[in-house]
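Please look over the sequence and the model below before reading on. The report that follows takes up strands, then packed helices, and lastly a single residue.

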Amino acid sequence: MTLSSVAIAAPEQTSWKFDFDGKHGAPDAVRVTPQNLYANERGFGFLRSEKPYSFSVAVPEGNYQVTMVLGNAKADSDTIIKAEARRLMLENVSTKTGEFVTRTFLVNVRTPQIAGGSKVSINSREFGALNWDDKLTLEFNGAHPAVSALEIKKIEDATTVFIAGDSTVTDQAQEPYVGWGQVLPRFFNERVAVANYAESGRALYSFKSEHRLEKILSVIKPDDYLLVQFGHNDQKDKSPGSGPFTTYKNNLKFYVAQARAKGAHAVIITPMERRRWDGDKPLQTLTDFAQAARDAAHEENVPLIDLHAMSLQFYAALGPEKSRAAFVHYPANTFPGQTEALKDDTHFNAYGGYELAKCVVLGIQKQVQDLAKLLAADVKPFAPSTPDKIEDVKIPASALKATEKPAGS
């Protein structure tokens, strides 16, 4: 991405309206056809004009209320909406022929710049990616996607849930990897925006040194939330004095203090386990880091979501072999250009990311009651010991595929 290719949204513009079928858009909506590919001078258009479709609008940084009319006059429809880097926003919205429904959700849009002149040190994987560009991008996916109209409006009073974490949490840019943070938006109502700043390969100290925490603190508001989950990469820190009950715990407390200083609510999340087995029993590799996170939450009197414990219950429920279905295990040639088998027991696929997100939701329901009030109305009871059937979680792949393992292990 070069400077000449960057589209700049008009700073005074705060709302956009589009009509895709010529019938359901607002009277002042812009008529859009599949032939309207994105152009910088226009500031909107399709990035992909074939299934799954991707539609982008140049907007300034902030939270945006997205309202969509879904349905088709001539056929049944089944639509799944993802935003930015494959964030799951709407799941399996079905309509009968001639039926139209309206759905609303919030999308957080960010840039690397930080007020005061500094900026996030994004890496080559992130440069030009949908999470850090100058656009709000929506992916129209599903068996028979049908979007008839779209309205986008910038809002200032939303509750924002910020996430600091690593590759198990991040918005993975390409298939088949999925972090639980990019599934979490689906489980909140239309008053909550999820801003997932997690990045592959990061530990508490590197996340901070790359100005990612600084960026969050520059935009977080009183009564927003900061969810913090690290451990996988902190475990690799061999510097003098480092360890789960020293640097790791102290860094967690630092994040809590910084959030509190901004009037926001911190929530500590223990790191989920890797897929390791001792016979028929899940093997623990992050026990000390999970305990240090529990200790930090207790000492700082902040809510704790014990994803470590819940992940072990989840894996045990699936068993040694079946648990592969939650991770990136695929034979060669499953995806275009993938010449070798993928065998990754740290990073999740769509099913695993979805179930871990439901574990986090369960933790919110039990430990963060005020935030639980903002969960979506259709959130169903869940227990990690009785997870969803693999075949019942149907999240179709996005267009981009990758065979490169994310940083971190």
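Two strands are said to pair if DSSP finds at least two bridges between them. With that in mind, one can turn to this model, which is a predicted one, and begin with strand β5 (residues 62–71) and strand β10 (residues 147–155), which run antiparallel and are joined by eight bridges. Within this pairing, M68 stands opposite L150 in β10.

Both strands belong to an open sheet of five strands, whose order is β2-β1-β10-β5-β8 and whose pairing is mixed. At the edges of the sheet lie β2 (30–31) and β8 (100–109), each of which pairs on one side only.

The next topic is the packing of helices. Two packed helices are described by the angle between their axes and by the distance between the axes. The table sets out these values for two pairs.

| Helices | Angle between axes | Distance between axes |
|---|---|---|
| α5 (residues 307–318) and α6 (residues 350–367) | about 135 degrees | 10 Å apart |
| α3 (residues 244–261) and α4 (residues 287–300) | roughly 40 degrees | within 9 Å |

The angle in the row for α5 and α6 makes α5 oblique to α6, and the crossing of these helices is right-handed. On the side of α5 the contact is made by L307, M310, S311, F314 and L318, while α6 contributes Y351, E355, L356, C359, V360, L362 and G363.

The crossing of α3 and α4 is right-handed. Here P244, F245, Y248, K249, L252, K253, V256 and R260 of α3 meet D288, F289, Q291, A292, A293, D295, A296, E299 and E300 of α4. The residues in this contact of α3 with α4 divide into nine nonpolar, one polar and seven charged.

Finally, consider a residue outside these helices and strands: is S200 buried or exposed? S200 is found in the loop between β12 (192–196) and α1 (204–209). Its relative accessible area is 1%, and because buried means under 20% relative accessible area, S200 counts as buried. Once its neighbours within four places in sequence are left aside, S200 is in contact with R125, D166, S167, T170, Q172, P406 and A407.

Definitions and conventions. Residues are numbered from 1 along each chain as its sequence is written. This is a predicted model: local features need pLDDT of at least 70, side-chain atom pairs count only at pLDDT 80 or more; totals for chains, interfaces and linings use all residues. Side-chain values use heavy atoms; hydrogens and water are left out. Helices (H or I, at least four residues) and strands (E, at least two) are DSSP runs, numbered from the N terminus. Buried means under 20% relative accessible area, exposed over 50%, partly exposed in between (1.4 Å probe, protein chains only). Contact means heavy atoms within 4.5 Å. Axes are lines fitted to C-alpha atoms, for helices over the stretch in contact, and angles run from 0 to 180 degrees between N-to-C directions. Angles under 35 degrees count as roughly parallel, over 145 as roughly antiparallel, 65 to 115 as roughly perpendicular and the rest as oblique. A crossing is left-handed if the near helix is turned anticlockwise from the far one by less than a right angle, and right-handed if clockwise. Ala, Val, Leu, Ile, Met, Phe, Trp, Tyr, Cys and Pro count as nonpolar, Asp, Glu, Lys and Arg as charged, and the others, Gly among them, as polar.
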